[in-house]
Amino acid sequence: MSRLSRVLTEATAAARSFLRRRTAVFFTFFFPVILVVIFGALVRTQPTGGGLFAEPAGYYIPGYLAVVVLFTPLSRVGSEIARHRDGGRFEKLATTPLSRAEWLLAHTLVNVAIIGAASLLILGLVLAVTDAALVVSPALVALPVFIAVAVALFCGLGAVLGALADSQDGVIAASNTVALPLLFLSETFVPPALLPDWFLPAVAASPLTYFARGTRAIVHEPGVWTDDLAVLVVLAAGVLALGAYAVPRTD
Amino acid sequence: MNETAAPSASTSASADDATGEGTPSVVGEGIRRSYGDVVALDGVDVSVEAGEVFGLIGPNGAGKTTLVRALTGTTDAEGTIRVLGSPPDAVDSRRIGLLPQSFGPPERLTARELVDYYGGLYDDARDPEAVLNDVGMGDDADAWYETLSGGQKRRTCVATAIVNDPDLLFLDEPTTGIDPAGRRSIHRLIERLAAGGTTVFLTSHAMDEVERLADRVALLRDGEVVAVGAPADLIAEHGGDPRLEVAMDGSNPVAADLEAVRTALHTGETAAAVDGPAAGSDADGPTIEATTDGLRVLGVRPEGIGAVVDALAAAGVEFESLTWAEPSLEDVYLRLTGEEFSPRAGGDAAGDAVRRGGDR
């Protein structure tokens, strides 16, 4: 009861705080919408069929989802840590019963809710403005699980970046540096066939790859997704634990 | 180190049994903390009794906030520290409250939501409405934190520190930026908390505040405690003499004025009414100093003011006003931190202070 109550209290404060920053809310949802419109509706495949965006539109659904699943938690949790540190909030929270793990869990829950809503928006938009078709099957219920687990993973990574960077500017720069390569080199927008063989182990090392493979096996090319989810869960647990440890307590 | 009553192992309960009433709430021995080459705390000993209001004063950069952080476990420090009988990072957090010096809570929550939020982190927090009323924020509780004035913000932050009804409360400069009425409400709050048995560890730059509220005060300078004791004891030992400020008519005193007043004070009944720096010492009479706008006569008892007026008249010195003041904690602070104002530093026309019978 007590732990749950603390987590809900922290999550409520974090959610209120976020929802009242209209600019942050607007761009959290607008950013992926822009990408969907640009790459889903404006960019056209080469007539010869090669190059980027040559796959069927449904292939890229995991990529569009990955934009919010990856960028939003990284930048939000990282920035939140920088804001907390600048405002002495961790110093204050260190003298309350709220633990670092509870703090991260609360902010992860808020991100799961926000990104869940953004993912719904993206999915609807992709289906509306592209030729993509969604494979409707019982496996579709696992899609929110993939999103939640991946968000948790990148919240943990965001916590690590926030703890390592010494300012909000630093957090943004660091999260962009980490997120951009991950986004394009994790079987999201760039199929592995377009990459050199020697780079494929790096693709396999990216957690986002398992998100892309798993969600693609659900929404585009039906296949086995449980292995990818298992890998993602293990990675998320590890990175979340690391992130909780990294959340600052002392100066 | 301490010239008055330094806490020591013999005067404090041992760190391990400091858990119940009558034993110290805070015991720190040899606390050290460095940031690179900068030594913030250099072997600080501190002991705060249960139910005591303990004031910590010192110049900017003296180490006050670092000491608060060391005691609350929010910085890693060397030395032995026990807070409510436990190491700082193992203290029962329900029993302590903290207002950090630089504290900026989420700005787009209302004051009520902020108190509710921090209270929600405890199982049995106080009623937020009562806490808001305690700090005088009951009528402004629905405004976002970012729209509050500086004083309202600080009072809201104080509210977040007391919402769990702590046994030990750390307040790091609680009245910074608060207007006099707001400060007074915080003072009354601290007095009420202390009367209810809460131990308060208070840092402040407002000497009148510390003098009014604290049972004991420690003065920190360059990471070391240079004095600790009850305000009255510190003032008696380090505060110097009562003083009479003589504001002259827009002109600085010249050496002749000082000499004439000194001579007049030395004669007849006047001398008997005016003590020297060591009260009652006839051999080492009152000190007369030049100030930026007149004279300062040290060691004047209230009943000796008339004698000084007579001496001024006898010396032909015209003045606009007289202000008599007892020594205060601020004098202790200025004296022990080496920040005491000296008209000599400005190359005053009257030159050095003239001491009767001493500096001729």
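Select B:E245 and B:T323 to begin: B:E245 stands opposite B:T323 in β13(B). Show the two whole strands next. Strand β10 (residues 243-248) of chain B pairs with β13(B) in the antiparallel sense, over six bridges. Strands count as paired here if DSSP finds at least two bridges between them. Helices (H or I, at least four residues) and strands (E, at least two) are DSSP runs numbered from the N terminus.

This is a predicted model, in which local features need pLDDT of at least 70, side-chain atom pairs count only at pLDDT 80 or more, and totals for chains, interfaces and linings use all residues. Residues are numbered from 1 along each chain as its sequence is written, and chains are lettered from A and ligands numbered from 1 in the order in which they are written.

Stay on β13(B), residues 319-325. How many of its seven residues are buried? The count is zero, and the strand is hardly covered. A residue is buried if 20 or more other C-beta atoms lie within 10 Å of its own, exposed if 12 or fewer, and partly exposed in between, with C-beta atoms placed from the backbone.

Now pick B:D249, in the loop between β10 and α8 (255-266) of chain B. B:D249 is exposed, because 10 other C-beta atoms lie within 10 Å. Leaving out residues up to four places away in sequence, B:D249 touches B:E318, B:F319 and B:E320. Contact means that the C-beta atoms of two residues, placed from the backbone, lie within 7 Å. Draw a distance from B:D249 to B:G177: the two are 72 residues apart in sequence and 35 Å apart in space, C-alpha to C-alpha.

B:P24 has B:E49 in β2(B) as its bridge partner. The two strands form a hairpin with two residues between them, and B:G36 in the turn has a positive phi of about 65°.

Zoom out to chain B. Its secondary structure comes to 11 helices and 14 strands, and buried residues make up 49% of its 360 residues. UniProt, in an unreviewed entry, places the feature "domain: ABC transporter" at residues 26-247 of chain B. That span is 31% helix and 29% strand, with its end C-alpha atoms 46 Å apart. UniProt positions follow the numbering used here, feature names are shortened, and annotations may be inferred rather than shown by experiment.

Turn to where the chains meet. The contact takes 22 residues from chain A and 25 residues from chain B. On the chain A side, α1 (2-19) and α4 (89-93) each supply at least two residues, and the largest share, seven residues, comes from α1(A).

Select α1(A). Its buried residues include A:R6, A:V7, A:E10 and A:F18. What covers the buried residues of α1(A) includes α2 (22-42) and α5 (100-129) of chain A together with α2 (111-119) of chain B.

Finish in chain A with residues 103-129, one of the spans annotated "transmembrane region" in the unreviewed UniProt entry. This span is 100% helix and 0% strand, and its end C-alpha atoms are 39 Å apart. Residues 229-247 of chain A, also among the annotated spans, are 95% helix and 0% strand, with end C-alpha atoms 26 Å apart.
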